[in-house]
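Here is a quick tour of the model, starting with the ligand sites and ending with the sheet. Have the viewer open as you read.

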Amino acid sequence: EAAISIRGLSKIYKGGKQALHGIDLDIPRGQIFGLLGPNGAGKSTTINILAGLVNKSAGEVSIWGFDIDRDPRNAKASIGIVPQEIVFDPFFTPRETLENQAGFYGVPKAKRRTMELLGKVHLIDKADAYARSLSGGMKRRLLVAKAMVHSPPVLVLDEPTAGVDVELRQQLWDYVRELNALGVTIVLTTHYLEEAEELCDRIAIINHGRLITNEPTRDLVGRA
Ligand code: ADP
Ligand code: ADP
């Protein structure tokens with residue numbers, strides 16, 4: 001069974017803009033999967049539908065086998081989303097940020113889970129620093145920890161390296177590989193082909209809300 005299964009997914013925004021035109025896509029479990037496309041292609045719309053932030057107009061979506069309409073609780077519990085923008089309170093510490101998020105999800109043993117996550121994202125030293133004092137890379141790692149607090153099997157990263165310098169990009173890539181090696185299925189959006197080539201086992205390209213291709217990276221790159 002797929003990590004994420006999408007059938008006939010369409011989105012028409014209020015005002016009439018059609019962002020997705022009947023997308024069919026299966027994202028296999030255990031992979032690093034890249035959703036590639038230029039600005040305006042429909043990547044964020046797709047992710048926001050998976051995250052439950054945007055309502056689809058038509059089609060079916062399941063996450064880890066749970067239909068987002070019929071079983072939204074289990075679908076939501078199966079996915080973590082790392083947003084593009086930094087979105088946490090700069091006056092909270094990483095420890096507080098994660099404990100609050102654990103509380104929100106009703107995660108048991110929140111303090112222990114928080115320390116475990118801080119270790120995984122290499123932020124133990126910064127547990128009690130204000131989030132605003134963290135470097136860009138540390139903030140992004142904290143966002144990943146926040147998305148993983150409820151131990152979802154699927155982690156989605158929206159443009160993880162947009163506006164990020166070369167060194168930090170490399171760090172984030174290494175970290176994504178680490179997570180995947182631990183068994184987390186990774187889905188990332190990007191508009192950089194090199195990023196998708198470097199990281200992803202499989203790449204789907206969308207443009208103008210339509211799926212152009214969906215194949216193993218080596219096949220795609222071998223032809224280019
Ligand atoms: P991408 O993430 O690939 O850049 P988006 O999913 O953000 O693409 O956008 C797809 C299309 O939908 C674009 O034409 C965009 O302008 C439009 N769009 C995105 N969000 C909205 C919205 N809230 N209302 C109307 N149109 C939108
Ligand atoms: P366990 O607790 O089962 O011994 P882990 O602590 O490695 O195993 O992972 C528990 C859960 O945490 C897994 O379901 C996985 O989705 C998630 N997870 C794995 N790696 C990370 C990570 N680096 N950061 C946050 N969560 C992770």
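Predicted model: local features only at pLDDT ≥ 70, side-chain atom pairs only at ≥ 80, totals over all residues.

## The site around ligand 2

Residues are numbered from 1 along each chain as its sequence is written, chains are lettered from A and ligands numbered from 1 in the order in which they are written, and side-chain values use heavy atoms, with hydrogens and water left out.

## Polar contacts of ligand 2

Now for the polar contacts (pairs of N or O atoms within 3.5 Å; within protein, one must be able to donate a hydrogen and the other to accept it, and residues adjacent in sequence count only if both atoms are side-chain atoms). The side chain of lysine 120 has an N or O atom 2.8 Å from an oxygen atom of ligand 2, and a polar backbone atom of proline 152 sits 3.1 Å from an oxygen atom of the ligand. A nitrogen atom of ligand 2 is 3.4 Å from an N or O atom in the side chain of tyrosine 175. On its own, ligand 2 has 550 Å² of accessible area, and the protein covers 61% of that (Shrake-Rupley method, 1.4 Å probe; for residues, only the protein chains shown count as cover).

## The site around ligand 1

Around ligand 1 you'll find Tyr13, Lys17, Ala19, Pro38, Asn39, Gly40, Ala41, Gly42, Lys43, Ser44 and Thr45. By class that makes 4 nonpolar, 5 polar and 2 charged residues. H1 gives the most here, with 3 residues.

Backbone N or O atoms do some of the contacting: one of alanine 41 lies 3.1 Å from an oxygen atom of ligand 1, and one of lysine 43 lies 2.9 Å from an oxygen atom of the ligand. From the side chain of threonine 45, an N or O atom comes within 2.6 Å of a ligand 1 oxygen. Ligand 1 exposes 560 Å² when taken alone, and the protein buries 62% of it.

## Helix H1

What about H1 itself? Of the 8 residues in this helix (residues 43-50), 6 are buried, so the rest of the structure largely encloses it; buried means under 20% relative accessible area, exposed over 50%, partly exposed in between (1.4 Å probe, protein chains only). The buried ones are Lys43, Thr45, Thr46, Ile47, Ile49 and Leu50. Just past H1, glycine 52 adopts a positive phi of about 80°.

## The sheet

Four strands make an open sheet in the order S2-S1-S4-S5, with antiparallel pairing. Strand S2 (18-27) and strand S5 (66-67) are at the edges, each pairing on one side only; pairing takes at least two DSSP bridges between two strands. Strand S1 (residues 4-12) runs antiparallel to S2, joined by 6 bridges. Isoleucine 6, for instance, has leucine 25 in S2 as its bridge partner.

Note on methods. Helix = DSSP H or I, 4+ residues; strand = E, 2+ residues; numbered from the N terminus. Near = heavy atom within 4 Å. Nonpolar A, V, L, I, M, F, W, Y, C, P; charged D, E, K, R; others polar.
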